[in-house]
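Subject: Handing over the structure

Hi there,

Here is the structure I promised to pass on. Have a look at it first, and then read on for what turned up.

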Amino acid sequence: MAAIAAVALFAGGVSGYLYASSTIGGELVQAEERLSKANERVEQLESSLSQFSYPRSVSLPKDWVREGPVIPMMGQHVVNYGNMPLGPILLLGNDGSLIGMEYMFTLDMLEEATVMTPNGPESILELEGLPVTIPDLGITPAVNHMNIEYLPHGHEGFDQPHFDIHIYFVDEETLTNLTT
């Protein structure tokens, strides 16, 4: 029997979400525990975020390609096919500004998944409130919030069961204003 599980953690406007489309047993509990630890870390790091900023408009390197229209609540996907299917995938707003990034990981890969920060690699589950480094663009935006969604049947481009992890540098209100 399929069940839907959701956990939301909030720390001063920074939030983390874990959505599971079906029961995945102990792995879901482990992911909830990791998100709880990430929430604690957010509280410790919030005061240092003001030193990290980035230009909203970015020049895309020649090997990055815009794919499809802007998707409401997500953004337009910009891919480097050399990074596919795992990512990173850049997410742009209606005005072409960088609003986030996306990664895709199977359950086995999730625990080991890292993203580069100015202090070195960090677990993807512990990014909330941290700046992330995007070497191809030479910028270090701070993470505003992130969504983690489990897709038990995958989707076009990555048809294995996996997690889509959306890391946003803008608030949720900005995402609600995205249009196709």
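Where is N80 found, and between which two strands? This residue is in the loop that joins β4 (75-79) to β5 (89-92). Before going further, please keep in mind that the model is predicted.

Staying with N80 for a moment, is this residue buried or exposed? Its relative accessible area is 11%, and N80 is buried because that value falls under 20%. The N80 side chain reaches the backbone nitrogen of G82 at 2.9 Å. Leaving aside residues up to four places away in sequence, N80 touches D63, W64 and D136.

Now for the overall picture. The protein is built from three helices and ten strands. If you read along the sequence, their order is β-β-α-β-β-β-β-α-β-β-β-β-α. There are 180 residues in the protein, and buried ones make up 48% of them. Taking the contacts between residues at least 6 apart in sequence, 50% join residues at least 24 apart. The accessible surface comes to about 9000 Å², and carbon and sulfur atoms account for 51% of that surface.

Next, the interior. In soluble globular proteins, nonpolar side chains tend to be buried together. Here, the largest nonpolar core has 26 residues, and the members that touch the most others are L98, I124, I134, I165, I167 and F169. At least two residues of this core come from each of β5, β6 (98-105), β9 (145-151) and β10. Which of the strands gives the most to this core? That is β6, with four residues. There is also a second, separate core of seven residues, with V70, L91, Y168 and L175 among them.

- S97 sits in the loop between β5 and β6. With a relative accessible area of 7%, S97 is buried. Not counting residues up to four places away in sequence, S97 touches R56, S57, L91 and L92.

- V170 lies in the loop between β10 (162-168) and α3 (172-176). V170 counts as buried because its relative accessibility, 7%, is under the 20% cut-off. In sequence, V170 and H145 are 25 residues apart, while their C-alpha atoms are 7.7 Å apart in space.

- T180 belongs to the segment after α3. Is T180 buried or exposed? T180 counts as exposed, since its relative accessibility of 74% is over 50%. Along the chain, T180 and P72 are 108 residues apart, yet their C-alpha atoms are separated by 6.4 Å. T180 touches both V70 and P72, again not counting residues up to four places away in sequence.

Best wishes

Terms used. Residues numbered from 1 in each chain as written. Predicted model: local features only at pLDDT ≥ 70, side-chain atom pairs only at ≥ 80, totals over all residues. Heavy atoms only, no water. Buried < 20%, exposed > 50% of the residue type's maximum accessible area, 1.4 Å probe, protein only. Polar contact = N/O pair within 3.5 Å; in protein donor to acceptor, adjacent residues only side chain to side chain. Contact = heavy atoms within 4.5 Å. Areas by Shrake-Rupley, 256 points an atom, 1.4 Å probe, with all protein chains shown as cover. Core = buried A, V, L, I, M, F, W, Y, C linked by side-chain atoms within 4.5 Å.
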